[in-house]
Amino acid sequence: MDNNKGFFSRKWVLRLSSLILAIMLFAYVNGSKSGFLRQTTRGSNNSALMSNKSATIKMPLDITIDNSKYVVTGYPQYVKVKITGPSALVTTTTNTQNFKVYVNLGKLGPGKHQVPIKTSGLNSELKATVVPKDINVRIQQRRTVNMKVTVRVNSRNLADGYQVGRARADVSNVQVTGAQDQVSRVSRVVAYVVVPRDAKSTLERQVTLQALDKNGQILNVSIVPTTTNVTVPINSKNGDDDSSSSSSSGTDDESASNSSSGKKVQTGSSSSSIGNNTNDNTSSTESSSSQS
């Protein structure tokens, strides 16, 4: 007993024991602190992932209707959609835009209607608000008519000494389709060709057809086919009279506009009269020569 008491009462034993206890206490405290930091960091990351976020996306508006029977007008091409929800979902949806914004008109008939805009394909955790919420549309019967193609040639820039002949299009008739009120206003379908100044031989162009009303305004209709190839003969005014006469008759539509701008355009009748005057002058010259 005395020996044991003597052993633990020695100073170096007490110092060693104190050092060991201090090391163990330091290790315990340090480990607890690291664990606490890990839990805190994990908790903050989870909070960041679970936090809510909002974003506004510009989306195309789909119209659901029987396109073979009806035409819809008055709706915007794009609408804005504000989505709110978990940050990760909002970011993913904004990048992919993997949902649909639409208006269902399948059960509606001709007339004016106010309809709500809906969404589909969004995650259930997201909330969507569409701007505008409702739109006004007009549903009309689809109508199709057949119309002839008229070629109009603008030759104002044509160089002096040249004239255009009868322009020809490779398409003579087209189908015009659209809303009933638009189709009923179509006065003519035009292939419009502008002749460049340096044109001195037959000109060929592929042009887009336009449906015009009586005032020359372009109408919102569909034309099938949409384009045509136009051939415009260009002749020298010094050529034979027959070609000049036939050439001029093809540009009657442009005669009035060209005359008002100061450019001389020969019509069929004017070509003939010019030819007759030329012959008379020639005869007079020959007569004068013979008298001499």
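## Salt bridges and an open sheet

Of the protein's 292 residues, 29% count as buried; buried means under 20% relative accessible area, exposed over 50%, and partly exposed in between (1.4 Å probe, protein chains only). The model is predicted: local features need pLDDT of at least 70, side-chain atom pairs count only at pLDDT 80 or more, and totals for chains, interfaces and linings use all residues. Residues are numbered from 1 along each chain as its sequence is written, and side-chain values use heavy atoms, with hydrogens and water left out.

The protein has 7 helices and 17 strands. These are DSSP runs numbered from the N terminus (helices: H or I, at least four residues; strands: E, at least two). Contact means heavy atoms within 4.5 Å. Among contacts between residues at least 6 apart in sequence, 70% join residues at least 24 apart.

**The sheet.** An open sheet holds 5 strands in the order S6-S4-S1-S3-S7, with mixed pairing. Two strands pair if DSSP finds at least two bridges between them. Strands S6 (118-120) and S7 (127-131) stand at the edges with a single partner strand each, so one side of each has no neighbour in the sheet. On average, neighbouring strands here are turned by 35° against each other, direction ignored. S4 (residues 100-104) and S6 run antiparallel, joined by 3 bridges. Val101 has Thr119 in S6 as its bridge partner.

Helix H3 (residues 87-96) lies across S1 (52-64) and S3 (78-86), and runs at about 155° to S3. Axes are lines fitted to C-alpha atoms, for helices over the stretch in contact; angles run from 0 to 180 degrees between N-to-C directions.

**The salt bridges.** The count is 2. The rule asks for a side-chain nitrogen of Lys or Arg within 4 Å of a carboxyl oxygen of Asp or Glu.

| Salt bridge | Closest N and O atoms |
|---|---|
| Arg138 with Asp181 | 3.6 Å |
| Arg185 with Asp213 | 3.2 Å |

Arg138 lies in strand S8 (residues 134-154) and Asp181 in helix H4 (residues 180-183), so this pair ties together parts 43 residues apart in sequence. Arg138 is partly exposed at 35% relative accessible area. Asp181 is partly exposed too, at 27%.

Arg185 sits in the loop between H4 and strand S12 (188-194), while Asp213 sits in the loop between strands S14 (210-212) and S15 (222-224); the two are 28 residues apart. Arg185 is partly exposed at 41% relative accessibility. Asp213 is buried, with a relative accessible area of 5%.
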